Amino acid sequence: MQEPPAPADYSRVILHIDEDCFYAQVEMKRLGIPRETPCAVQQWEGLIAVNYPARACGVTRHMRVKEAKKVCPELVLVHVETIGAEGRDSGAADAGPEPAGGVGGGAQDSRRLTQKACLERYRLACAEVVALLHRLAPAAVIEKASIDEVYMDVTAMVDKELQDRNRGHVSSDAFSWGSVVVGGPLDPSSEVERRLAEGARIACRLRGKMLEELGFTSSAGISTNKLLSKIGSAMNKPNQQTIIPPRSVALVLQDLPLGKLRGFGGKLGEQLEALGCTTVGQVQALPHATLVSHFGAERALSIEQAVRGVSHEPVQERERPKSMLAAKSFSPTSDLAALQGWFAILAQELAARMVTDEAQFRRRPKNLVVHFRGGPHMGSDRSKCCPMPRFGPSGPSADVIAEAAFSLFRTKCAAEAIPCNRLAISAADFTDLPGANGSAITRFLVPKAPAAAGAAGDAGAAGAGGAGVQQAPLAQSPRSAEHSGQKVEQLQQQQQGGGKHARQGSAPAAGLSISSLFERAHKRQRASTPEPHGQLEEQQEQQREQEQQRHQRPSGSPGAAEHGKPAAPPRPQQAPHAVAKPASPGAPPLVVQPLAGPQTVQPAAPAATSREASVAADGCSSREDAEAAGLAGVDVEEQRRILRDLEMLQRLNRSKPSSAPGGGGRGGGAKAARPGAGSKAGGRQQQKPGGGQPGILGFFAKPG
């Protein structure tokens with residue numbers, strides 16, 4: 001048979017791994033039942049899983065217990081785990097030909113009235129299987145299809161192993177690895193079939209490890225899409241694997257019952273059977289117009305592709321369930337006390353599943369949903385939702401869930417649910433919990449550094465006699481920078497607003513000083529940039545102490561003696577020291593010092609670790625040191641805004657006769673005390689090149 005042209009999706013290699021009679025294997029492993037022993041898992045009076053030795057004796061799924069015992073007297077029966085008002089019943093092996101109480105008789109009926117079946121044991125076993133597959137095949141995409149089957153896209157693994165094989169790094173022991181190949185042996189000259197052979201090699205390795213480490217046998221299908229690989233896994237059970245190459249698709253599907261094709265059971269299968277189709281081949285023969293008239297153009301196209309083995313559905317990781325549900329059906333009742341008892345039993349199962357889910361996926365549900373069937377609409381399910389109740393430090397609580405669910409049912413559901421014959425509660429709308437990477441709110445809390453470290457820094461600054469060494473501010477952490485960046489626009493608007501009010505001539509508040517302006521700037525800076533280690537608080541405390549010392553001096557003796565030096569005579573008001581932006585990134589910042597003669601520019605001293613900055617000028621007063629320290633702690637835009645406020649304050653002071661020594665009209669004293677400054681606004685307007693020394697704003701970079 002000639003191979004058809006390979007479309008693009010033929011390059012994929014998809015596995016479908018199906019556990020053999022999974023529930024029975026889990027119970028046999030738990031109870032130590034030998035593999036050759038006929039065994040079945042029962043739920044009440046019916047069988048839900050039958051191992052292959054029991055099937056060889058004629059026992060089938062959904063057979064009644066009494067009938068199964070007649071067919072196979074040596075059959076070992078294990079009841080699924082149940083939950084009741086007294087707790088959990090794990091289930092024990094029952095191997096007698098006629099167990100006490102009568103298997104499937106009144107004993108099982110009485111248990112069913114007070115307990116519910118729980119499949120959590122099999123869910124946990126499935127989680128072990130998926131975890132093993134992830135560990136053995138980290139490059140594969142794994143989709144959990146149900147409690148006992150998974151899809152695996154191993155295309156990336158196949159690509160790598162083929163490259164290694166071509167380089168001679170991997171030996172070729174067998175071509176099909178014990179697989180059953182539909183349509184005859186694989187063709188080594190076909191690129192598609194070589195890739196499927198590598199997929200068979202991976203499947204064989206995974207199945208072997210699963211048996212070795214977990215004790216479970218499984219069957220696998222290997223093909224180019226999910227549709228065909230699922231068909232392959234069911235063709236040669238148990239404990240085998242089947243390859244379906246593209247050339248054999250028509251042969252596989254021709255006589256395949258519709259119920260064996262994924263997605264063609266239920267209502268769709270019934271509709272196709274109404275058209276006279278019971279096999280996939282018969283659906284292939286239907287005219288396109290017939291399918292369109294019954295299903296519409298879009299669905300008709302998808303049916304035509306599926307019955308020809310074409311599927312582009314990707315394998316997607318779906319290990320996290322979207323919801324968790326615990327349900328129980330019973331005889332119709334209007335007894336609220338009995339219904340409350342069922343809520344307590346359902347909550348036991350749901351709480352246990354939530355605990356397991358939280359430990360595995362680090363999440364919790366936001367909503368609790370109550371499902372019910374009864375009342376005037378006995379055949380339909382309805383539901384009501386409420387927020388999931390809060391739990392204590394121990395995690396999800398069955399008592400808390402039961403109380404919240406029954407309260408919701410009594411207040412919002414009972415009127416339309418009585419008499420009720422089915423109840424269920426589910427957890428939905430999950431949200432992730434804070435992980436170990438610090439995503440909790442505590443990651444925003446930065447512990448302070450030891451007080452001794454901050455005190456040592458302050459003592460070093462004080463020992464310099466106030467003359468000070470310029471210190472660079474601490475660099476912001478990335479998280480602090482991100483936090484402060486959210487308020488940049490708001491702060492800029494505030495700064496622009498402050499400058500506008502100043503230009504309009506609004507007088508400063510009574511008692512407003514230059515130091516208070518800097519303190520206000522520091523408060524704004526602190527609001528946008530959280531400062532680590534508590535250094536900003538220590539610096540502000542030092543500034544407040546300096547400010548208090550300045551206010552405690554006699555009014556006639558400004559500049560009290562410091563470090564044994566005589567008090568400096570009153571000097572005219574000067575512009576504060578400023579830190580200029582360097583011309584290049586590698587150059588040190590520049591400090592502009594107002595001197596009696598022509599102004600000079602000096603390189604700044606090396607930066608220290610404190611955020612506060614001082615001015616390198618002997619004889620400066622404590623007030624000037626505090627002003628310079630405040631100015632150095634803010635960014636360029638903040639400095640510009642502060643300078644505008646300072647200049648406005650200077651103009652207001654010069655407008656008063658007593659604002660400058662010597663009086664002499666508006667600003668005359670200030671101009672006389674500032675030789676070399678500009679003639680307008682005390683240096684506010686920058687001089688043109690060649691026209692004298694520049695104003696202080698000339699040392700700041702112009703806005704980009």
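1. Gln241 belongs to strand β13 (residues 241-243) and is buried, at 1% relative accessibility. Buried means under 20% relative accessible area, exposed over 50%, and partly exposed in between (1.4 Å probe, protein chains only). Helices (H or I, at least four residues) and strands (E, at least two) are DSSP runs, numbered from the N terminus.

2. A word on what you are looking at. This is a predicted model, in which local features need pLDDT of at least 70 and side-chain atom pairs count only at pLDDT 80 or more, while totals for chains, interfaces and linings use all residues. Residues are numbered from 1 along each chain as its sequence is written, and side-chain values use heavy atoms, with hydrogens and water left out.

3. Now for the sheet around β13. It is an open sheet of 6 strands with mixed pairing, in the order β9-β10-β1-β12-β13-β11; two strands pair if DSSP finds at least two bridges between them. β9 (141-146) and β11 (180-181) are the edge strands, each pairing on one side only. Helix α7 packs on the sheet and touches β1, β10, β12 and β13, and its direction makes about 165° with that of β12. Such axes are lines fitted to C-alpha atoms, for helices over the stretch in contact, and angles run from 0 to 180 degrees between N-to-C directions. Within the sheet, β1 and β10 are antiparallel and share 5 bridges; Ile17 has Val150 of β10 as its bridge partner.

4. Which residues have the most contacts inside the largest nonpolar core? They are Leu133, Met152 and Val154, in a core of 46 residues. A nonpolar core is a set of buried Ala, Val, Leu, Ile, Met, Phe, Trp, Tyr and Cys residues joined through side-chain atoms within 4.5 Å. The elements that each supply at least two residues include β1, α1, α5 and β12, and α7 gives the most, with 9 residues. Apart from this core lies another, of 35 residues, with Phe372 and Cys413 among them.

5. Helix α1 (residues 22-31) deserves a look too. Because 7 of its 10 residues are buried, α1 is largely enclosed by the rest of the structure. Among the buried residues are Phe22, Tyr23 and Met28. What covers them includes β1 (14-19), β2 (39-43) and α5 (120-136), where contact means heavy atoms within 4.5 Å. Just after α1, Gly32 takes a positive phi of about 70°.

6. Finally, is Glu403 buried or exposed? Glu403, in helix α15 (residues 398-417), is exposed, with a relative accessible area of 62%. Glu403 and Ala347 are 56 residues apart in sequence and 9.1 Å apart in space, C-alpha to C-alpha.
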